[in-house]
Amino acid sequence: ANGDSDDEDRQTGLYGALAADDYLKLFEPCWEPGQPVPYSFLANAFETMAGTSGRIDLTRQLACVLYHVLNRTPVDLLPTIYLVINRLAPAHEGLEIGVGDALLLQALADATGRSLIKLREDYHRTGDLGDVAVHSRTTQRTMFAVPRLTIRNVYNELLAIARASGKAMQEEKRRRIQKLLVAAKNNEAKFIARALQGRLRIRLAEKTVILALAAAFVQNAAASRGTHPDAARVERAAHLLRTSSNECPSWNMITEALLELQDIDERLLERCHLTPGLPVMPMLAKPSRSIAEVLTRFEGMRFTCEYKYDGERAQIHGLADGSIRIYSRNAEDHTRKYPDVMEQILQAVGSSSDQPSFILDSEVVAFDRDAQRILPFQYIQQRARKHVSLDDLKTNVL
């Protein structure tokens, strides 16, 4: 799949477009080097991206944003990436903002002084809380001037909202959202509201982020050497970064390594690679229309086929301390869902800390031990997600 992607990007001239440095003038930095990056810089870029349809243009715009952040305030690169992909942490941490429309509308009413009825009417008419937020002019007065928002504090506030817990959780979330919206200027409110809803509406796939980040580092490294990058260098960097992110899907680890290396080369793969305890996204099949298409695609090549099990993907990680973790295809922790699978694995490999670590890509299927047959997927769905006890199991798995 990576090869097909590289071929497509090469044919469209994307690597050449990212090697040219003319796109670095698309957005002018509006802060001094070393200072926190204003959130307005990102919001203005989002506004432009929302109106951009071409993939090459969109990638160049994002590369410009990431280059200026990297070049001027590298410490803000990680929160910038997370705000761009509209996530707060690696997928396996399961960190969600957890804000419903009702809470967001209440916080917007508190921040702007508008009535909930009017806000609901606007939302029903536009279908976009971001547009409602940006067009709701605040009538609230503050005793002191509110400091301008930065990428760093917007990310930290979103993180705090996601981590809020306890009896007063909803009130804390509402208060923090109101604080953000009161401080927001112009179109900042639009993208804060959209981020809280989980829909930025800028059509950015993670593949585009990888390409743009690779281009930003290539440009930054070339500038420090007083040279100019070429398309081959951008393509190589994109391939290495894509490989690393596939094996080590943690922007925390990847960004830390990149900032230390100050370039993208083979050293990145030495730092960020397959690691037990860090679930990787599974390689998915590419659909084919017929058996003939498969045979044509693999003509002259040796290949094998395997049975398609009607179960649930389970990525089983054996850690160096002897413990076991089980993750779903979406990197959710399903360890407590499958105590019977854990028991089978521990029987096979043992639980001693001197056992080697490992990662098993597998499929868990419901199994009728008396009839010795695999059961339909629905039997797996009937199992609880957490706190499953071996004594309460009604469906065996294999």
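Isoleucine 380 is buried, its relative accessible area being 3%; buried means under 20%, exposed over 50% and partly exposed in between, with a 1.4 Å probe and protein chains only. The model is predicted, so local features need pLDDT of at least 70 and side-chain atom pairs count only at pLDDT 80 or more, while totals for chains, interfaces and linings use all residues. Residues are numbered from 1 along each chain as its sequence is written, and side-chain values use heavy atoms, with hydrogens and water left out.

**Exercise 1.** Determine how strand E1 pairs with E2 and with E3.

Solution. 
- Step 1: E1 (residues 312–318) and E2 (residues 324–327) run antiparallel and are joined by four bridges. Two strands pair if DSSP finds at least two bridges between them.
- Step 2: In this pairing, glutamine 315 faces tyrosine 327 of E2, and isoleucine 316 has isoleucine 326 as its bridge partner.
- Step 3: Five residues separate E1 and E2, which form a hairpin; in the turn, glycine 322 has a positive phi of about 90°.
- Step 4: Strand E3 (residues 358–364) pairs with E1 over seven bridges, also in the antiparallel sense. Here leucine 360 stands opposite isoleucine 316.
- Step 5: E1 is largely enclosed by the rest of the structure, because six of its seven residues are buried.

**Exercise 2.** Is helix H11 mostly covered or mostly uncovered, and which helices do its buried residues pack against?

Solution. 
- Step 1: H11 spans residues 188–197 and is mostly covered, with ten of its ten residues buried. Among them are Phe191, Ile192 and Leu196, along with Glu188, Lys190 and Arg194.
- Step 2: The packing partners are helices H3 (39–50), H6 (101–112), H7 (116–126), H8 (129–135), H9 (151–163) and H10 (169–183).

How values were computed: Helices (H or I, at least four residues) and strands (E, at least two) are DSSP runs, numbered from the N terminus. Contact means heavy atoms within 4.5 Å.
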